[in-house]
Amino acid sequence: MNGPQQPSPNLAPNAAAPPPNSTTGTKDAPGRMSLKLSHLPSRQNIKPVYPRSPSSIDPNNPPWPAYRGYHEYSFAYATMGQRLPTILGKAIEDVIVTLNQEYDEERVVDLVHCIERMDALMKELQEQAKLRPIIDDGEADVALWNKLIAKYFHGKTFMNAPWLFAEAYKYRRLQECFSVSKHWKTYDVFFRQKCDTFSRSHDAVFELSMRFAEPFQLKDGLSPEEKLEAERLMFMELTQICLWGNSTDLSLLINMTEEQIRSLQSTGGDNLAATEKNILGNHTQRLWETIVNLRSTTGGRIDFVLDNAGFELYCDCVYADFLIQSGLAREIRFHGKRYPWFVSDVTKKDWEWLLNSMVYGHLFPKASEEEKESLRRLGLRWKQYEKEGKWIYEQHPFWCTGFTYWELHNEAPDLFLHLSRSDLVIFKGDLNHRKLTYDCAAPPSTEFEIAIGPMASAAGAPRVCSMRTIKSDVVVGLGPEGDEIAERLDKEEPGWKISGKYAVVLLSEGRPGEKVVFT
């Protein structure tokens, strides 16, 4: 029997035989064929069309390009690579302080396991790990988080997922470190920082309490026009105080000195006049006209979607107090977070701590008796508003999800319906502004109503106001010349988008009164 037949030397393996008396052509042949395209049109510089069409928008593909952790030109890069590990490291230090004060073995061991989970999260951050699902810890937002991860972010990492989602996910994972424990489910790793920052705000706190401890009254003998103008002027100043109170953001001001904090919190009239020019998109006059109109119609329900605890919350309450006393609003609803969020965001614990510290606390040992009494009277009046139902604190699970507010209508229809019944919803701070605008690279000249999508355009959408000191990349609502303004600031003040020096007060009229429709 003959052995296996050898291939012909003139036959290339897996190829047709060459013509007689010719080589196979395989030696020194190019890897692929090249065509000379001399008569076709030249290559075009094709740019994607933004904003994306509504049907192509999703959490991983915002209306304009998303900021992601690997974008070195963006604040996302510093946040994901440096700020978040630093914040998490300080959180671990806080838990160790608590651990060293514990004596019960079961609680100690339980807290040690919390620290181990935090260490694991730190490792994932540093190694840019893929985002895993949230463990079912009994929170109402678990399904929403895991739906997002499975549908849009499967296989994504801390660095290549959109910055807003990745940052929110980190805080949800931090909550999970405690929520799966037995004894530490409600532990707030940021609570000490929040309390400490407010207690170091002596000058600004008493600047306001000494002015507003007694109920607000206009001078006698004023004409109706003069009374209205006096109210308008006070409203304008208090709006600025409410706006710039947002300067104290613990996630950004990790190592700030007491003197620097006092500078940021200055509420004197001269300082407010100087800072008004830094409100780049300023709808404050429109806001006044909207609110004063409420008094002559419905009487006014105003909602605050809160941002920072401590001094900013204190400023929000001073503002809300004026709205109630002046009759510009009959009811104020405050929306906070269900658990610790973005370092300094308001939780129910922060809310109650502020009011009770004002009435019963000893935070300011150097304060005079008059100053302490002014703060106590202010706190007593605010607590009375709660008892009378004029102030109501709420905490919907949606506020602590990875969704932007473009998805509020679809993912939290109960909350959207609830907000649609408000006469005005004021969103405080940078994070809320990022969520309103999808945190993407929209041109600064983009109209606010366009940038917030369904929160302006959906049937029944309430009037929305964003009060925000600018601390991240997204900037919209600067008017027709907004792109030129931003370009000039980029050249003259690099870093202006994260300095907190500039702000916006932007208003959307929405579609109030229309029947809310869910599809």
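Helix α2 passes helix α4 in a right-handed crossing, where right-handed means that the near helix is turned clockwise from the far one by less than a right angle, and left-handed that it is turned anticlockwise. The model is predicted, with local features needing pLDDT of at least 70 and side-chain atom pairs pLDDT 80 or more, while totals for chains, interfaces and linings use all residues. Residues are numbered from 1 along each chain as its sequence is written, and side-chain values use heavy atoms, without hydrogens or water.

**Helices α2 and α4**

- The axes of α2 (residues 105–127) and α4 (residues 163–179) come within 8 Å and cross at roughly 155 degrees, which makes α2 roughly antiparallel to α4 (angles over 145 degrees count as roughly antiparallel, under 35 as roughly parallel, 65 to 115 as roughly perpendicular and the rest as oblique).
- In the contact (heavy atoms within 4.5 Å), residues of α2 including Leu 111, Cys 114 and Met 118 meet residues of α4, among them Lys 170, Leu 174 and Phe 178.
- By class, the contact of α2 with α4 has eight nonpolar, no polar and five charged residues, where Ala, Val, Leu, Ile, Met, Phe, Trp, Tyr, Cys and Pro count as nonpolar, Asp, Glu, Lys and Arg as charged, and the others, Gly among them, as polar.

**Helices α7 and α10**

- Helix α7 (residues 224–244) packs with helix α10 (residues 284–296) at an angle of about 125 degrees, their axes being 11 Å apart, and the two are therefore oblique to each other.
- The contact involves residues of α7 including Leu 228, Phe 235 and Met 236, and residues of α10 including Leu 287, Trp 288 and Ile 291, and its residues divide into seven nonpolar, three polar and three charged.

**Pocket and cavities**

- The largest pocket has a volume of about 540 Å³, and of the 24 residues that line this pocket, the closest to its centre are Pro 54, Ile 57, Trp 406, Asn 410 and Pro 454.
- On a 1 Å grid over the protein atoms alone, a pocket is an open set of points with protein on both sides within 12 Å along at least five of seven lines, a cavity is a set where a 1.4 Å probe fits but cannot get out, and lining residues have an atom within 4 Å of a point.
- The lining of the largest pocket divides into 13 nonpolar, four polar and seven charged residues.
- Across the whole structure there are seven cavities of 30 Å³ or more, and the second largest cavity holds about 110 Å³ of space.

Terms used. Axes fitted to C-alpha atoms, helices over the stretch in contact; angles between N-to-C directions. Helix = DSSP H or I, 4+ residues; strand = E, 2+ residues; numbered from the N terminus. Points joined across faces, edges and corners; volume = space filled by probe spheres on them.
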